[in-house]
Structure formats: C-alpha cells, structure tokens
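I wanted to look up a few packing and pairing details here, one entry at a time.

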Amino acid sequence: MQLALLRAGLRSMRASLVTGAALTLLGSLGVGKYLNSSLQAVDVRRAAALTPDTRKDARVLVIGIDDQAFQGFFDGQSPLRQDHLADLLETVAAHAGKARRIVVDIDLAPTRQLAHAQRLEQVLSAAGSRWVLVTADGATQADSSARAAWRARLCRQGVSFALPAVSTEFGYVRMDHQYRSALADTAWRQQQQCLAPEAPTELRRMALSPHELAEGTTVPFSGDLGALAQMIDALEPEWVVIGGMWGKDDVFQTPFGDRFGVQVHAAGLAGHVRGEREAPYLLQTAFAWGVVSAMTMLAAGISMRLRRVARGGATGLLPGHRFLDHGVRPLLLLLVVCACIAWVSWALGALWASSGYWIPSSSVVVITLVTVALSWNWGRDDIRRGAKDGGMAHEVDALLVTPLPLQAEWQSVKQCLPWRAQDSVLAPWAALSARRRWLEGGLSALALLVQFGLPLLSFGLLLKQQLS
C-alpha cells in the first residue's frame with residue numbers, strides 16, 4: 001500500500017527525475033530563491049498569528065535605547081559616553097538578578113575617556129560570566145591592539161565576545177539560518193567564547209522566533225534609569241538584550257516590517273528558548289512527496305469522475321461536454337490543488353506555532369507545482385491512480401522496474417547494436433543499413449540521456465547539495 005501510494009505521487013521514474021532537474025534549475029536561479037524567501041515570510045506571519053499563549057512567553061527582554069535617550073542621556077555622542085554606559089549596565093545588572101545572560105549589542109570598546117573606560121570595565125568584571133559583548137575591530141592598528149588587550153582582560157573575568165552579524169537574503173532577515181557564534185547563539189550555549197573580529201562567519205540552521213520578531217517584549221529606554229529599573233523588576237526576565245533603537249543604520253527588513261538589530265538578535269535567542277527548529281531537508285522532501293502522492297490520488301479520483309460525466313454516452317460528443325472535459329476539468333483540478341496547498345500551508349504554520357517544529361511550505365508548494373506542470377500536464381491528461389480498471393496499482397514499476405518509455409528507448413539502443421541487429425528480424429530497423437542503424441541508435445541513446453541520464457544527474461546533485 002505504501003509503495004503504491006508513493007508510485008501514485010511519483011508517477012514514474014522519469015517524472016520524478018525531471019522534477020528533480022527542474023528543482024535544481026529553479027534553486028540555482030534568483031527567482032527560485034526569492035520564491036522560497038517569499039513563502040517563508042508567509043509561514044512566519046502565519047506562525048506568529050497562530051502561536052498559543054502558552055508559547056508566547058520566551059522570557060527575553062529587549063531594552064532599546066531610543067532617540068530621546070541618545071540625544072539626552074548620551075548627549076548625542078557616538079560612540080556612546082562610557083560613563084553613562086556604565087550607569088546603564090550597572091542598573092540592568094542590579095535589577096535583572098534572574099537573567100542568565102545579558103547581551104549588549106553595542107560596541108563597548110574603550111575610547112579616549114580612560115577613566116570612564118576603567119569604571120565600565122569594573123562593572124563588566126563584577127558579573128563577568130553573565131555578559132555577552134560585541135567583538136569589533138578598531139579603525140587603526142593601535143586602536144585594534146588596545147581593543148585586543150581590553151578583550152583579553154575581560155575574557156579572563158569570564159565575559160564572552162560574539163559576532164554581531166545578521167544573516168540576510170534579498171535585503172530581508174533570514175528566518176531559517178543564523179551565524180554560528182553570533183550574539184544569540186553565544187548567549188544560549190552558556191559557554192564562554194572570546195572571538196576576535198576576524199573570526200570566520202559560518203551559517204547554521206537556527207530558526208528565529210516568529211512571535212518574538214512580531215511582538216516581543218521591548219522596553220524603550222529614554223534616559224530614566226529609575227523607570228527602567230522598575231520595569232525590569234516587574235518583568236523579571238531570564239534573558240536581556242540591550243541595543244540601540246535610534247537612527248536608521250541598524251535596521252533590517254522582516255516579514256513584520258522594519259526591525260532593529262537588537263530585536264533580531266532577541267528573536268534568535270527566543271528561537272532557542274522556545275525550541276524553534278527546522279526539519280532536515282531530507283524530511284522536507286519526503287513530506288512534500290507524501291503530500292503530492294495524496295494530492296495525486298485525490299485529483300485522479302476527481303478527474304475520472306469528471307471524465308465519466310463528460311464522456312457519458314452519446315452526449316460525450318456534444319460541444320458542452322467537450323468543453324467540460326477540455327476546459328473545466330483541468331481548471332477544477334488546479335483549484336483543488338491550490339486548495340490543498342493552502343490547507344497544507346496553514347497546517348504547517350499551525351504545527352510550527354504549537355510545537356516549534358518548522359516544515360517550510362515552500363518545499364511542498366514548489367514540488368507540487370513542478371509535478372503539476374510536468375507530470376500532470378496541468379490536468380489536461382488523465383491522472384492515473386494505478387491499473388487501468390481504476391483500482392490501486394499492485395505493481396511498483398516506479399521503484400523496481402524500468403518504466404515503459406525508458407524501456408522502449410533502451411531496447412532501441414540495444415537493437416541498433418551490430419551484434420543484436422541479427423537477432424531482431426521483426427524489428428523495423430533490422431533491414432536498415434549499418435549507417436542508418438547507427439543513426440537510429442545514436443538518436444535513441446541521446447533521448448535516453450536527455451530524458452533519463454541528465455535528470456538523474458541533476459536529482460543526485462540536488463540531494464547532495466541539500467544534504468551537505
């Protein structure tokens with residue numbers, strides 16, 4: 001039964017391999033990547049809307065320094081005044097006693113204010129293992145050397161340094177990948193890490209939290225340390241992310257609009273806290289083929305019933321019935337496919353929202369559309385469920401036996417070989433000249449290569465790329 005179900009979706013080895021080749025081509029083009037990014041945005045918005053209340057509390061607090069604080073509390077100076085930074089961080093550390101880690105998405109490296117830099121360093125050293133700071137290089141060689149010495153001193157006190165990089169694609173934040181050893185990744189792993197600015201960036205599969213990115217807990221800091229302390233006491237966060245929310249420099253585009261970098265890092269950390277994880281590529285492909293298999297059986301049943309209505313008796317030759325068969329039937333099948341895709345996409349969004357397990361709907365949508373275009377011929381041809389009597393097929397030729405078109409081409413190649421031509425008395429090309437047999441054999445071999453060899457190679461490359 002399972003093999004027959006798989007056969008109904010795969011249709012034939014050629015259809016599957018051609019689909020794999022089309023997916024490989026689509027994945028290598030910008031339009032394919034943009035389609036995948038757009039479908040991911042739909043998944044993210046749906047997951048955020050369907051997230052239950054039991055999974056909304058990620059215990060991650062964002063403290064955003066707004067324009068008012070930048071102009072008033074920090075006197076509009078960039079880099080920020082380190083004496084006031086010391087006051088801010090000291091207040092956060094004192095009132096966020098339950099916080100496991102405090103992430104600071106601001107460059108705290110010492111400037112010319114050496115006295116204030118020493119006080120800031122003392123604040124960080126007092127609770128070294130709780131801090132995760134940004135690692136950044138200096139503008140000059142002397143500045144870089146001073147920063148390296150400063151990082152080394154703080155690292156000896158247990159402070160961690162991580163990369164501030166955010167993974168983007170087409171100008172949008174990537175919801176499925178983040179940089180290894182970035183701020184969120186380092187804060188979650190609870191292990192000290194002292195990265196240098198020149199450390200290599202490596203992407204890892206780590207989903208951001210849709211709800212956190214959509215409406216996470218953000219406390220704007222406008223310069224009042226007393227009000228900030230009261231807010232922290234009331235919220236009792238387990239994770240704190242501090243960063244700038246002024247100007248337009250550190251702004252990223254997301255499915256929910258523009259977000260500052262500190263909010264993106266908080267969404268990555270909340271993804272860890274909530275257990276957000278993306279399904280492996282192999283499981284995504286297997287799930288997509290299962291959906292296509294079930295969709296094929298449903299469309300086949302509808303197609304056969306509509307065809308019986310359109311071709312029933314003598315009325316099957318009338319113009320109205322012919323229009324029903326050639327025009328309405330394919331349209332109805334495409335509507336059924338679109339409805340199934342919409343329902344599956346909603347179900348996958350609900351699964352992500354309720355459990356944190358993400359199976360992107362893009363894999364289902366793309367594989368389904370390619371199958372409809374290539375294998376189903378947009379519904380104009382019959383979609384066979386199996387045997388000619390309409391029942392479920394018992395043979396498993398899609399898996400174990402070479403399909404008939406491939407078999408015919410392979411037999412053509414063999415029959416054109418000189419030592420096989422003598423045994424093929426009944427073959428139409430048996431009486432042909434040797435030159436013509438080589439021509440016919442070459443054409444058959446070319447057809448076999450184009451319709452089987454190249455799709456097989458493309459499908460293999462696709463699997464290697466997705467599994468590596």
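This is a predicted model: local features need pLDDT of at least 70, side-chain atom pairs count only at pLDDT 80 or more; totals for chains, interfaces and linings use all residues.

Entry: I started with tryptophan 239 and listed its contacts (heavy atoms within 4.5 Å), leaving out residues up to four places away in sequence: Ala58, Arg59, Val60, Leu61, Arg100, Arg101, Ala187, Trp188, Gln190, Leu269 and Val273. Tryptophan 239 lies in strand 10; I take helices (H or I, at least four residues) and strands (E, at least two) as DSSP runs, numbered from the N terminus. At 1% relative accessibility tryptophan 239 counts as buried; the scale is buried under 20% relative accessible area, exposed over 50% and partly exposed in between, with a 1.4 Å probe and protein chains only. Leucine 269 is 30 residues away along the chain, and its C-alpha atom is 8.5 Å from that of tryptophan 239.

Residues are numbered from 1 along each chain as its sequence is written, and side-chain values use heavy atoms, with hydrogens and water left out.

Entry: In what order do the 6 strands of the open sheet run? I read 4-3-2-10-1-9, with parallel pairing; two strands pair if DSSP finds at least two bridges between them. Strand 4 (160–162) and strand 9 (217–221) are at the edges with a single partner strand each, so one side of each has no neighbour in the sheet. On average, neighbouring strands are turned by 20° against each other, direction ignored. Strands 3 (131–134) and 4 pair in the parallel sense over 3 bridges, and leucine 133 stands opposite phenylalanine 161.

**Entry: helices on the sheet.** Helix 7 (141–156) packs on the sheet, touching strand 3 and strand 4, and its direction makes about 130° with that of strand 4. For such angles, axes are lines fitted to C-alpha atoms, for helices over the stretch in contact, and values run from 0 to 180 degrees between N-to-C directions. Helix 5 lies across strands 1, 2, 3, 9 and 10, running at about 165° to strand 10.

**Entry: salt bridges.** I found 18 salt bridges in the structure, each a side-chain nitrogen of Lys or Arg within 4 Å of a carboxyl oxygen of Asp or Glu. Which residue does arginine 147 pair with at 2.9 Å? Its partner there is aspartate 107, and the pair links distant parts of the chain, 40 residues apart: arginine 147 in helix 7, aspartate 107 in the loop between strand 2 and helix 6. Arginine 147 is buried at 11%, whereas aspartate 107 is partly exposed at 32%. Arginine 147 also meets aspartate 143 in a salt bridge (3.6 Å, N to O); both lie in helix 7, 4 residues apart, about one turn.

Entry: Serine 78 and proline 79 are joined by a cis peptide bond, with omega about 5°. Proline 79 sits in the loop between helix 4 (67–72) and helix 5 (82–95). Aspartate 75 is in the loop between helix 4 and helix 5, and has a positive phi of about 60° although it is not a glycine. Glutamate 236, not a glycine either, has a positive phi of about 50°; I found glutamate 236 in the loop between helix 10 and strand 10.
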